[in-house]
Amino acid sequence: MKKINLTIALILSSISFTMLFAQSANLSVQGVLRTAEGTAVENGDYDITCRLYTQATLGNPIWEEIIPDVKIKGGIYSIVLGAGSTPLNVAFDQPYFIGVSVDGGTEMIPRARLTSSPYALSLIGSDNIFPNSGSVGIGNPN
């Protein structure tokens, strides 16, 4: 009986571990959409395209996702990048800028610079190094 329970526990652990590795980064983004006159856009569903760049102006996007049917109320939207069909496979090891366009229109300017979350700031000055592949453990020189 103990052997069966141990086998089941190992299977569940490996499933959880696989699910952990299968997860990709997600980034929550909120914003306000306004008309050229400065008033909020009409309430409704809009397709929002987000692109990440390494530059505040010019350059080519390094990542792009179209999020369909985003509900806008009072001009305010809230989306999660990387949760759809395009994994957010960006290293986040340098400054990035986000470009946003609505319903296939021209990208709004200026691009917004992505900033740190409060918990990420705790890693500044840390000597910990966590490789994204290979073995990690006590006594492992890598």
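## Reading strands, burial and a pocket in a predicted model

Visitor: Which elements of the protein chain have the lowest and the highest mean pLDDT?

Guide: The general idea is that where pLDDT is low, the predicted coordinates should not be read in detail. Here helix H1, residues 2-22, has the lowest mean pLDDT among the elements, at 40, whereas strand S2, residues 44-53, has the highest, at 97. For the protein chain the mean is 79, with 66% of the residues reaching 70 or more.

Visitor: How many contacts beyond four places in sequence does the model have for residues 1-22?

Guide: The model has zero such contacts for residues 1-22, and pLDDT stays under 50 over that stretch.

Visitor: Which residue in S5 does cysteine 50 stand opposite?

Guide: Cysteine 50 stands opposite valine 100 in S5. Strand S5 itself, residues 97-102, is mostly covered, with five of its six residues buried.

Visitor: How many bridges join S5 to strand S6?

Guide: Two bridges join S5 to S6, residues 112-113, and these strands run antiparallel. Isoleucine 98 has alanine 112 in S6 as its bridge partner.

Visitor: What volume does the largest pocket have, and which residues of its lining are the closest to its centre?

Guide: The volume of the largest pocket is about 740 Å³. Its lining is made up of 27 residues, of which Leu27, Phe92, Leu114, Thr115 and Ser116 are the closest to the centre.

Visitor: Which strand gives the most to the lining of the largest pocket?

Guide: Strand S1 gives the most, with five residues, while S1 (27-32), S5 and S6 each supply at least two residues of the lining.

Visitor: How many residues of each class does the lining of the largest pocket have?

Guide: Sorted by class, the lining has 15 nonpolar residues, nine polar ones and three charged ones.

Key:
Residues numbered from 1 in each chain as written. Predicted model: local features only at pLDDT ≥ 70, side-chain atom pairs only at ≥ 80, totals over all residues. Heavy atoms only, no water. pLDDT = per-residue confidence, 0-100. Helix = DSSP H or I, 4+ residues; strand = E, 2+ residues; numbered from the N terminus. Contact = heavy atoms within 4.5 Å. Buried < 20%, exposed > 50% of the residue type's maximum accessible area, 1.4 Å probe, protein only. Pairing = 2+ DSSP bridges. 1 Å grid on protein atoms, 1.4 Å probe; cavity = no way out; pocket = protein on both sides within 12 Å on 5 of 7 lines; lining within 4 Å. Points joined across faces, edges and corners; volume = space filled by probe spheres on them. Nonpolar A, V, L, I, M, F, W, Y, C, P; charged D, E, K, R; others polar.
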